[in-house]
Amino acid sequence: MPSSARSVARKRNSVLGRPEFMSLNQQPLRSGGGGPGGPGGPSEGRGGARRSSQIKHQTSQPAEEPADGAAGSGGGGSGGKDKREPCKMPEEDCMQLNPSFKGIAMNSLLAIDICLSKRMGVCAYTSSSWGGCRSMVTLLALTGHGITWIIGTIVCLTRSNTLAGQEVLVNLLLALLVDVMTVAGVQRLVKRKGPWEMTPGFLDCVAMDIYSFPAAHASRAAMVSKFLLSHLVLAVPLRILLVLWAFLVGLSRVLLGRHHLTDMVCGFALGLFHFSLMETVWLSSGTCQTLISISTLSWSPFF
């Protein structure tokens, strides 16, 4: 008897003997269970019912979406599409798991170009590291502007008295117009922004030099320097200064934060292409005199 009394006391003091832990002491629910004392008793029935209700609740949640989608498709097919469309990520946010070597190389070069261009934009603002030289660099860039060269060529053409000089100036004017129109067309097609967010100035809007690629100043400087080196007799120091001027004009736009390094390089290449194109379609002296006479007649009523 004392041993049986001690076992009853231990059962009373045991934590598992409390009503809320009764389901832990019962055997798993078996099919075909019977009476209250057996495996299918009320306590086990309550625990099994609780667990089965939780499982049903968890499994019923993901099953609701297809039901809604089916209901939406029955009502016109728009509800199911609206449910599934937000799950799709945009293409630019998707990562390619197996990119090609060419894509990796191009993205790496583009990242290097942007990083170096931002570092070289030391005159982009007055608060930059070389902000005190911004006005001087802007003046240097102005010497390669399209409006400056077009107006200067027209003024020199009106003051020229020789046929050879007029022939060179007419072809130079035509080359400048071709350069401005070609660069503006490529910029409109590519629409690449500069390394620093800047609004184009008034002269840039007039010359249609709004976007970054290719660099219009670099293209113009390369074309003009090559043109003058080919058709003018210059001393060696002047020839060196002319090449140095073309390089500094293209570099000045990078220092001002207007263009990337690749924009400058492609601008130089495009300027040399314009020069070779003008050499191919070079206008003769008679054609230049005809164009000058037509332009003089068109402007004569205003004087």
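1. Overall fold. From the N terminus on, the elements run α-α-α-α-α-α-α-α-α-α-α-α-α. The chain has 13 helices and 0 strands. Helices here are DSSP runs of H or I with at least four residues, strands are runs of E with at least two, and numbering starts at the N terminus. This is a predicted model, in which local features need pLDDT of at least 70 and side-chain atom pairs count only at pLDDT 80 or more, while totals for chains, interfaces and linings use all residues. Residues are numbered from 1 along each chain as its sequence is written, and side-chain values use heavy atoms, with hydrogens and water left out.

2. Burial. Of the 303 residues of the chain, 29% count as buried. Buried means under 20% relative accessible area, exposed means over 50%, and partly exposed lies in between, with a 1.4 Å probe and protein chains only. Accessible areas come from the Shrake-Rupley method with a 1.4 Å probe, and for residues only the protein chains shown count as cover.

3. Helix α10. This helix covers residues 216–231 and has 16 residues. From its first C-alpha to its last, α10 reaches 22 Å, close to the 22 Å expected at 1.5 Å a residue. The expected span is 1.5 Å times one less than the number of residues. Is α10 enclosed or open, and why is that? Of its 16 residues, 13 are buried, so α10 is largely enclosed by the rest of the structure.

4. The rule takes rings of Phe, Tyr and Trp (its six-membered ring) with centres within 6.5 Å; planes under 30 degrees apart are stacked, over 60 edge-to-face, and the rest tilted. Phe-227 and Trp-282 are stacked, because their ring centres are 5.8 Å apart and their planes stand at 25°. The pair links distant parts of the chain, 55 residues apart. Phe-227 is in helix α10, and Trp-282 is in the loop between α12 (261–280) and α13 (285–299). Phe-227 counts as buried, at 0% relative accessibility. Trp-282 is partly exposed, with a relative accessible area of 25%.

5. Salt bridges. How many salt bridges are there? The count comes to 4. Each needs a side-chain nitrogen of Lys or Arg within 4 Å of a carboxyl oxygen of Asp or Glu. One of them joins the side chains of Arg-192 and Asp-113, at 3.0 Å from N to O. Arg-192 lies in the loop between α8 (163–190) and α9, and Asp-113 in helix α5 (residues 101–120), so the pair ties together parts that are 79 residues apart in sequence. Both Arg-192 and Asp-113 are buried.

6. A bridge between α8 and α10. Asp-179 forms a salt bridge with Arg-220, and their closest N and O atoms are 3.5 Å apart. Asp-179 sits in helix α8 and Arg-220 in helix α10, so to speak distant parts of the chain, 41 residues apart. Asp-179 is buried, and so is Arg-220.

7. Asp-209 and Arg-253 meet through their side chains in a salt bridge of 3.6 Å, N to O. Asp-209 lies in the loop between α9 and α10, and Arg-253 in helix α11 (residues 236–255), so this pair ties together parts 44 residues apart in sequence. Both Asp-209 and Arg-253 are buried. Salt bridges that share partners also join Asp-113, Arg-192 and Asp-263 into one network.

8. Surface patch. Leu-139, Leu-142, Phe-202, Leu-203 and Val-206 make a nonpolar surface patch of about 490 Å². Helices α6 (134–142) and α9 (202–206) each give two or more residues to the patch. Helix α9 gives the most, with 3 residues. Patch residues have over 30% relative accessible area and no salt bridge; like charges are joined within 9 Å, and nonpolar side chains (Val, Leu, Ile, Met, Phe, Trp, Tyr) within 5 Å. Leu-142 lies in helix α6. At 35% relative accessibility, Leu-142 counts as partly exposed.

9. Loop details. A cis peptide bond joins Phe-213 and Pro-214, with omega about -10°. Pro-214 lies in the loop between α9 and α10. Lys-191 is in the loop between α8 and α9. Phi of Lys-191 is near 60°, a positive value in a residue other than glycine.
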